[in-house]
Amino acid sequence: MFSAEKSPPAFNWDEWYRSTGGRQIQIDEVDAILAEIKEHQYPRFTGEVASKVTRFDSLESAAKAVKQKAFELGADEVGIAAIESSDIYQGREVKESLAIVVAQRMLWREFQEVPSHDSAVECLRVYFTLGEVVIQLADYIRSLGYPCTVEHPIGDSDVLHVPLALKAGFGELGRHGSIIHPKMGPLFRLGSVITDMPLATDSPIDAGIAAFCDKCKACRIYCPADAIPDERSPEAGKDHLGNDRYMVDTGKCFPYFAKHNYCSICLPVCVYQHKAWAKDFEGHATKLFPEIDMQTPPAPVDPKVDKHWYPHIKRD
Ligand code: SF4
Ligand code: SF4
């Protein structure tokens, strides 16, 4: 059984919304998808484990079968990482030793204008479709005779998807605090299935992305809330390559994010979103750069309630 005392507490969305004056994004499609996740996906997190255990020739062949299944189910990326105590939210316990991390990209064409109704709905759409991938992948693993747990992308999970995805080789942490995948860029969401099924693990990568971020400041320039920093911060801890992390000021970001359709400006403006391969894959005509609706930022907040662990920059 793994548990963690030094890692962050789980994100408390309700408290955060309260601290910014309450949830102000009212989009019917978003509410409908949230209800769909709750009513039709949550009850399918558990299932029967087959009594006959399927054995594979090697850890590699087992990992290959699981990844192939994830891709068949609609994953755009999948990787496997060992779970360490720092990957578990404070106060939570996890008995499984491995995470199968799964990503699904969000469509570039829905981020042609940010923040917008379309970009907000796209975030939720992928939470739902990626939720289906992890639920059905968990069913597959149970059919092989191995117990497992669904860690849905929408939140309230026991594990932190981001450090697990970095260990599983998904990419590098960008200045904007999101993972940048060398091919997908930063516009994707993460979920996981955790298990003790014996599987080969993947390795972190160095594709030169973090080094590029040290020169590029596109997200920093376009962030309407001035939440993305100029420099890396030694007090923010290290990324998987040993670099000091960039410390996004969530006290500035979140009030804007909560009032303006989950903002997301820093993702489509990211230089890694503009490569030829990052454009729309389904043949839809798209722009190279989004239209940005930068509204005046609300005052930063310092919620007195349960803070998320993300480092918080002190302001005057
Ligand atoms: S979501 Fe918006 S406010 Fe938050 S860091 Fe990104 S650009 Fe800035
Ligand atoms: S916009 Fe530039 S600095 Fe920001 S995360 Fe992307 S590559 Fe890094």
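The shell around ligand 2 in this predicted model consists of Gly174, Arg175, His176, Phe212, Cys213, Cys216, Lys217, Ala218, Cys219, Cys270, Val271 and Tyr272. Two elements each give two or more residues to this shell: helix H6 (209-213) and helix H7 (218-222). Sorted by class, the shell around ligand 2 holds eight nonpolar, two polar and two charged residues.

Ligand 1 has 14 residues around it, and Cys223, Cys253, Cys263, Ile265 and Cys266 come nearest. Here the shell contains twelve nonpolar and two polar residues, with no charged residue.

From the ligands we turn to the protein chain as a whole. The protein chain has 316 residues, of which 44% count as buried. Eight helices and twelve strands are found in the protein chain. Among contacts with a separation of 6 or more, 80% are between residues 24 or more positions apart.

How far can the coordinates be trusted? The mean pLDDT of the protein chain is 88, and 88% of the residues reach 70 or more. Over residues 305-316, however, the pLDDT is below 50, although this stretch has 24 contacts in the model beyond near neighbours in sequence. Where pLDDT is low, the predicted coordinates should not be read in detail.

Next comes a sheet. Four strands form an open sheet in the order E2-E4-E9-E6, and their pairing is antiparallel. The edge strands are E2 (77-82) and E6, each of which pairs on one side only. From one strand to the next, the twist averages 20°. Strands of a sheet pair through backbone hydrogen bonds, either parallel or antiparallel.

One example is alanine 81, whose bridge partner in E4 is alanine 99. Is strand E2 largely enclosed or open? Five of the six residues of E2 are buried, so this strand is largely enclosed by the rest of the structure.

Cysteine 148 has threonine 195 of E9 as its bridge partner, while threonine 149 stands opposite isoleucine 194 in E9. In a regular strand the side chains alternate between the two faces of the sheet.

Helix H3 (residues 59-73) lies across E2 and E4 (98-105), and H3 runs at about 140° to E2. Helix H4 (residues 117-143) lies across E4, E6 and E9, running at about 20° to E9.

One residue of helix H3 is worth a separate look. Glutamate 60 lies in this helix. Is glutamate 60 buried or exposed? Glutamate 60 counts as exposed because 11 other C-beta atoms lie within 10 Å, and the cut-off for an exposed residue is 12 or fewer.

Note on methods
Residues numbered from 1 in each chain as written. Chains lettered and ligands numbered in written order. Pairing = 2+ DSSP bridges. pLDDT = per-residue confidence, 0-100. Contact = placed C-beta atoms within 7 Å. Axes fitted to C-alpha atoms, helices over the stretch in contact; angles between N-to-C directions. Near = placed C-beta within 6 Å. Nonpolar A, V, L, I, M, F, W, Y, C, P; charged D, E, K, R; others polar. Buried ≥ 20, exposed ≤ 12 C-beta atoms within 10 Å, placed from the backbone.
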